Every structure is written in C-alpha cells, then in structure tokens.
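Please keep the structure in view while reading.

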Amino acid sequence: MWLPLLALFIGLAWLGWREYQKVEIFQAWERQFDRAKYDILSVLGMKDMRLTWGVPSSKGILEYGSFELAEVSEIYLTVDDRRVEIDLDLADLPKGKRFVLLLDRAEDEAVRLPFTDLELAAKWGKFLQDARQS
C-alpha cells in the first residue's frame, strides 16, 4: 500500500520540478520584453510593437515566432472553437475549457495563442487591440 503512494509522491514531485524549471526559464526570457505572459500552454512577450511567442519547456522556449503588431489584421478570442467578441464584459464571457487568442495576419498564417485562463486571454486581447489602434 505504501509503495504506490511513494511512487505517486515521487511522480508529483518530478512534475512540480519540471514546472518550476519552466517558470525559471520564462522569468529569464521575459526580461527582454516590456510586457510578457506565462501560461503552461504558451508564452508571449511584447517589446515596443514586436510580439514574440513560444511554448514553455524545461529546456527553453520552443516554437519561437516573432512579428510586428502592425502585421495583425484582426484579433479575436475563441472559447471551445467558438468565436467570442473580446469587448464583452468578463462576466458575460461563455464558460468553456479551451481558450485561444487568434491573431490574424494579412501576409502569414494566423497565430494561435492558447490560454488556460479565459480572463487573462480576454485582457491580453483587449490590450493588443488597444496597442494596435494607437
């Protein structure tokens, strides 16, 4: 009976250590930006009007990409693959499990930024819309 509990504890400790390493790597990575966000699904940094995104891992930021915010033609949020207006009051946003901030670019493929927190996704969407319009 104790052996399975010990194995479970060791597994949880290992997963916690990996997540801690991801956060430490992100904290070093985010210093180069004016504004940054960390989510277990993706990272995003903004310096001036340049956006850089990737996927956090215990070895570094993977799937790097970077572009100017001026290249974005439209910004919107999806909740469980349904498009939602970012300007809605946070209380009016639908409940769901998968939240993605989509940045459509005229010249290239759209950038999909997954979030685990709907409120954070909506706030980033509003921030990017306001930054793009100013």
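Which residue caps the N-terminal end of α2? In this predicted model, the cap is aspartate 117, which places a side-chain oxygen 3.4 Å from the backbone nitrogen of glutamate 119.

**Helix α2 and its cover**

- Helix α2 runs over residues 118-133, and its 16 residues reach 23 Å from the first C-alpha to the last, close to the 22 Å expected at 1.5 Å a residue.
- The buried residues of α2 are Leu118, Ala121, Ala122, Trp124, Gly125, Leu128, Gln129 and Ala131, and what covers them includes the strands β1 (35-38), β2 (43-47), β3 (50-57), β5 (72-79), β7 (99-105) and β8 (111-115).

**Charges over rings**

- The ring of tryptophan 124, a residue listed among the buried ones of α2, has the charged end of arginine 35 sitting over it, 5.1 Å from the ring centre.
- Lysine 37 lies over the face of phenylalanine 115, at 3.9 Å from the centre of that ring.

**Aromatic pairs**

- A search of the whole structure finds six aromatic pairs, including the edge-to-face pair of tryptophan 53 and phenylalanine 67, with 5.5 Å centre to centre and 65 degrees between the planes.
- This pair links distant parts of the chain, since tryptophan 53 belongs to strand β3 and phenylalanine 67 to strand β4 (residues 60-68), 14 residues apart.
- Because buried means under 20% relative accessible area, tryptophan 53 counts as buried at 18% relative accessibility, and phenylalanine 67 counts as buried at 2%.
- Phe26, Trp29, Phe33 and Tyr38 together form one aromatic cluster.

Methods
Residues are numbered from 1 along each chain as its sequence is written. This is a predicted model: local features need pLDDT of at least 70, side-chain atom pairs count only at pLDDT 80 or more; totals for chains, interfaces and linings use all residues. Side-chain values use heavy atoms; hydrogens and water are left out. Helices (H or I, at least four residues) and strands (E, at least two) are DSSP runs, numbered from the N terminus. The expected span of a helix is 1.5 Å times one less than its number of residues. Buried means under 20% relative accessible area, exposed over 50%, partly exposed in between (1.4 Å probe, protein chains only). Contact means heavy atoms within 4.5 Å. A polar contact is a pair of N or O atoms within 3.5 Å; within protein, one must be able to donate a hydrogen and the other to accept it, and residues adjacent in sequence count only if both atoms are side-chain atoms. Rings of Phe, Tyr and Trp (its six-membered ring) pair if their centres lie within 6.5 Å; planes under 30 degrees apart count as stacked, over 60 as edge-to-face and the rest as tilted. A charge sits over a ring if NZ of Lys or CZ of Arg is within 6 Å of the ring centre and within 35 degrees of the ring normal.
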